[in-house]
Amino acid sequence: QNKYGLKVSNKADYLRAIKLDPKKTLIDLEKHIPGIVLDIRYATTNNFTGEQIYNLSKAYARKPVADALKKVQADLETQGLGIKIFDAYRPYKATVKFYEVYKDTTYVASPYRGSRHNRGCAIDMTLIYLKTGEELKMPTPYDSFKKEAWPSTPISDPEARKNRKLIIDAMQKHGFKVNSSEWWHFDFIGYRQYEVLDIDFEELP
Ligand SMILES: C[C@@H](N)C(=O)N[C@H](C)C(=O)O
Ligand SMILES: [Zn+2]
């Protein structure tokens with residue numbers, strides 16, 4: 001257990017776990033879902049911390065999560081739409097950093113429990129038009145920690161309201177649940193079976 005009283009798996013623990021249960025493998029989403037677009041904000045300074053948190057711009061998720069997201073992408077493609085990922089698997093140390101910078105657990109996971117991102121089971125994302133790569137209009141920008149970002153907040157703009165419903169419905173169909181404070185954050189149902197990990201992207205294939 002770490003200083004927050006949480007059991008966090010390192011790379012050796014992870015390798016043992018995936019040998020016993022290969023579905024726990026973290027999958028590179030760019031390789032698994034051709035055409036998916038990455039804008040990994042925490043690999044840049046364009047994020048709420050103002051600091052670059054990751055050394056690499058990568059998106060990983062556990063195998064069943066990656067498979068489900070692939071189905072979402074296939075559905076969206078029929079409507080001329082695609083997925084842009086802002087963040088996926090997140091090493092636990094990043095969650096600790098986020099909490100130190102912004103201590104409101106409405107918007108940032110508590111290090112006492114860890115984030116579903118740390119389990120490789122959460123995706124931060126938006127939708128894009130395949131033709132132009134442009135983002136669909138949503139109620140707020142990414143990581144806008146305000147009530148307008150809550151999926152339950154009434155939105156007067158009909159386009160943003162429609163697009164918010166579109167992303168939530170598309171994800172829900174394949175086993176994801178939207179976070180109650182963030183329209184862009186989706187948890188994979190069944191995340192509890194997956195351990196909290198603290199493995200840097202550099203250590204993953
Ligand atoms: C920090 C934000 N992008 C996010 O992912 N928040 C949730 C609650 C989390 O930290 O798990
Ligand atoms: Zn998130």
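The shell around ligand 1 comprises six nonpolar, three polar and four charged residues, where Ala, Val, Leu, Ile, Met, Phe, Trp, Tyr, Cys and Pro count as nonpolar, Asp, Glu, Lys and Arg as charged, and the others, Gly among them, as polar. The model is predicted, and local features need pLDDT of at least 70, side-chain atom pairs count only at pLDDT 80 or more, and totals for chains, interfaces and linings use all residues. Residues are numbered from 1 along each chain as its sequence is written, chains are lettered from A and ligands numbered from 1 in the order in which they are written, and side-chain values use heavy atoms, with hydrogens and water left out.

Ligand 1 is surrounded by 13 residues, the closest being Y42, R90, Y107, S115 and D143; a residue counts if one of its heavy atoms lies within 4 Å. Strand β7 (residues 182–188) gives the most to this shell, with three residues; strands (E, at least two residues) are DSSP runs numbered from the N terminus, as are helices (H or I, at least four).

Polar contacts are pairs of N or O atoms within 3.5 Å. A polar backbone atom of Y107 is 2.8 Å from a nitrogen atom of ligand 1, and one of A109 is 3.0 Å from an oxygen atom of the ligand. H117 places a polar side-chain atom 3.1 Å from an oxygen atom of ligand 1.

H117 lies in the loop between α4 (92–101) and β5 (122–129) and H185 in strand β7, so the pair ties together parts 68 residues apart in sequence.

Technical notes
A polar contact is a pair of N or O atoms within 3.5 Å; within protein, one must be able to donate a hydrogen and the other to accept it, and residues adjacent in sequence count only if both atoms are side-chain atoms.
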